[in-house]
Amino acid sequence: QVRLVESGGGLVQPGGSLRLSCAASGSIYSISAMGWYRQAPGKERELVATIATNGGSTNYIDSVKGRFTISTENAKNTVYLQMNSLKPEDTAVYYCNMRATPIWGGPRDYWGQGTQVTVSS
């Protein structure tokens, strides 16, 4: 019903930048919130940033504040994560998440397939 497709990961040197994108498609009635999570090897998945589609309020984990920016293009059901001043500890698989209501059914969380971000010299 609803599919999320991510792009933009890769290998970058410390201090570099990457921009992740996640586009939702399918039978979508509405999306109330979007976010990015990450999971490093041997660690649990953690919430990185969220944004509300109604009003655009944002939240970030402390370790990325001032370096990462989450934004949306609601008309395209797309969420972005601009990552600047990247550090090796940002290395992880990044997953987008959307709280969406399909045309048929109730609201639920949907996940992207994950994109690898590696910060290394």
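The protein chain exposes about 6500 Å², of which carbon and sulfur atoms supply 47%; accessible areas come from the Shrake-Rupley method with a 1.4 Å probe. This is a predicted model, in which local features need pLDDT of at least 70, side-chain atom pairs count only at pLDDT 80 or more, and totals for chains, interfaces and linings use all residues. Residues are numbered from 1 along each chain as its sequence is written, and side-chain values use heavy atoms, without hydrogens and water.

Of the 121 residues in the protein chain, 39% are buried, that is, under 20% relative accessible area with a 1.4 Å probe. The chain holds 11 strands and zero helices; strands are DSSP runs (E) of at least two residues and helices runs (H or I) of at least four, numbered from the N terminus.

Strand β9, residues 92-102, is mostly covered, with nine of its 11 residues buried. The table lists its partners; two strands pair if DSSP finds at least two bridges between them.

| Partner of β9 | Bridges and sense | Residues placed opposite |
|---|---|---|
| β4 (residues 28-39) | 10 bridges, antiparallel | Arg 38 and Tyr 94 |
| β10 (residues 108-111) | four bridges, antiparallel | Arg 108 and Ala 100 |
| β11 (residues 115-119) | three bridges, antiparallel | Thr 115 and Tyr 94 |

Between β9 and β10, which form a hairpin, lie five residues. In this turn, Gly 105 has a positive phi of about 125°.

Technical notes
Buried < 20%, exposed > 50% of the residue type's maximum accessible area, 1.4 Å probe, protein only.
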